[in-house]
Amino acid sequence: LVELQFVLHLEWFDHQVKWVNLKGDTAKNVLVDSETSQLWMPEVMFQNSDNILPIPFDKASVVAVQKLTSGNSSIYPKELNRALYFHGSQNSIIYSRRFQNKFYCTFDFTWYPFDTQECGIRLVKFDAFKDMLNLHGRKVSFSGNKKLLQFNVMDWKIEMCDGDCDELIAKLTFKRIFLNHVATTYVPSLCILLATECMVFFKKEHFKTSIPVTITNMLVMFTLYTSVAGSLPTTSYVKIIELWLLFHLFVPFLIFLIIFKREHSLVADVKHFNDHDIN
């Protein structure tokens, strides 16, 4: 789940409505509850949200009329004065509301911690109104902090489609900050690996020193592996950081076998040489 705070703006035209005396400033054309209750409202919802109900038209939302054309002067029926009429098919209705929702996103952790993830807000038509409206995306803007706790926000865009759309996706691209993993996992494991490989170049007389050091390094790598693996996201596939740790766990074991085999061969050669001298 990814929790996002955002402001949604919807704009549509209502051919059945005529507006009277619209102001040039949209903020002065805000509709009250008694007016919005008489309007047709588009039924859309966030498909990948934990709340699958249509977006609400409540007191937290603002509905206003945007003046786009010049009005036609005519007699206002309720009064004996003239007024400017604006056709709803030419002057749009704008809905604005702030949301804080949780969204389900599918992440691929194969290249963890060097991964780049995408998460989007999927806006779709409500089932009962699929044939009554078409969705057209305009733009998406990001005004928050681009440097998060674990990610950097790299890009934000809205996916357009040709013609009429049944779904609009406002997509965010995140790049994981990997410096902490390099400092706490990659560098220590690399140092342990290099120290273990040095045991191969020790003289054969230092067998009793090489074997304990190799075993100790292998146990340290195993502890590091279990500690890191326990903090990783649970997946059915192996991540790149797990392959790195498994490799650094296997190499000390391989070096242990090489040192042991070298010492065993030396003992066998000495024994064979002594037996030859006795004979």
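1. Surface and burial. The protein chain exposes about 18,100 Å², and carbon and sulfur atoms supply 58% of that area. The model is a predicted one. Of the 279 residues of the protein chain, 33% count as buried.

2. Fold elements. The secondary structure of the protein chain comes to four helices and 10 strands. Read from the N terminus, the order of the elements is β-β-α-β-β-β-β-β-β-β-β-α-α-α. Among contacts in the protein chain with a separation of 6 or more, 73% are between residues 24 or more positions apart.

3. The disulfide. A search of the whole structure finds one disulfide. The bond joins cysteine 105 to cysteine 119, with an S to S distance of 1.7 Å. The cut-off for a disulfide is a pair of cysteine sulfur atoms within 2.5 Å, so the pair qualifies. The link of cysteine 105 and cysteine 119 is right-handed, with 45 degrees about the S-S bond. Cysteine 105 sits in the loop between β7 (93-103) and β8 (116-125), while cysteine 119 belongs to strand β8, so the pair ties together parts that are 14 residues apart in sequence.

4. Exposure of cysteines. The two partners in the disulfide can be taken in turn. Cysteine 105 has a relative accessible area of 22% and is partly exposed. Cysteine 119, at 3% relative accessibility, counts as buried. Two further cysteines deserve a mention: cysteine 191 is partly exposed at 46% relative accessible area, and cysteine 198 is partly exposed at 40%.

5. The cis peptide bond. The loop between β7 and β8 also holds proline 113. The peptide bond leading from tyrosine 112 to proline 113 is cis, with omega near 5 degrees. Most peptide bonds are trans, which is the reason to list this one here.6. Asparagine 21. In the loop between β2 (18-20) and α1 (33-36) lies asparagine 21. Although asparagine 21 is not a glycine, its phi is positive, at about 50 degrees. Most residues other than glycine have a negative phi. The relative accessible area of asparagine 21 is 38%, so the residue is partly exposed.

6. Lysine 67. The loop between β4 (62-65) and β5 (72-75) contains lysine 67. With a relative accessible area of 34%, lysine 67 is partly exposed. Leaving aside neighbours within four places in sequence, lysine 67 is in contact with Leu22, Lys23, Gly24, Phe86 and Asn91. The C-alpha atoms of lysine 67 and isoleucine 93 are separated by 9.1 Å, and the two residues are 26 residues apart along the chain.

7. Serine 96. Strand β7 includes serine 96. At 18% relative accessibility, serine 96 counts as buried, because the cut-off for buried is under 20%. The side chain of serine 96 makes a polar contact of 2.8 Å with the side chain of histidine 9. Not counting residues up to four places away in sequence, serine 96 touches Leu8, His9, Ala60, Ser61 and Val62.

8. Helix α2. This helix covers residues 179-198, 20 residues in total. From the first C-alpha of α2 to the last is 27 Å, close to the 28 Å expected at 1.5 Å a residue. Where does α2 bend, and by how much? The bend is at tyrosine 186 and comes to about 30 degrees; a proline, proline 188, follows within four residues. The buried residues of α2 are His181, Thr185, Tyr186, Ser189, Ile192, Leu193 and Thr196. Tyrosine 186, the site of the bend, is therefore one of the buried residues of the helix.

9. Helix α3. Residues 207-231 make up helix α3, which has 25 residues. At 1.5 Å a residue α3 should span 36 Å, and its end C-alpha atoms are 37 Å apart, so the two values agree. Buried in α3 are Ser210, Ile211, Thr214, Asn217, Met218, Met221, Leu224, Tyr225 and Val228.

10. Serine 210. Serine 210 is buried, with a relative accessible area of 1%.

Terms used: Residues are numbered from 1 along each chain as its sequence is written. This is a predicted model: local features need pLDDT of at least 70, side-chain atom pairs count only at pLDDT 80 or more; totals for chains, interfaces and linings use all residues. Side-chain values use heavy atoms; hydrogens and water are left out. Helices (H or I, at least four residues) and strands (E, at least two) are DSSP runs, numbered from the N terminus. Buried means under 20% relative accessible area, exposed over 50%, partly exposed in between (1.4 Å probe, protein chains only). The expected span of a helix is 1.5 Å times one less than its number of residues. The bend at a residue is the angle between axes fitted to the seven residues ending there and the seven starting there. Contact means heavy atoms within 4.5 Å. Accessible areas come from the Shrake-Rupley method with a 1.4 Å probe; for residues, only the protein chains shown count as cover. A polar contact is a pair of N or O atoms within 3.5 Å; within protein, one must be able to donate a hydrogen and the other to accept it, and residues adjacent in sequence count only if both atoms are side-chain atoms.
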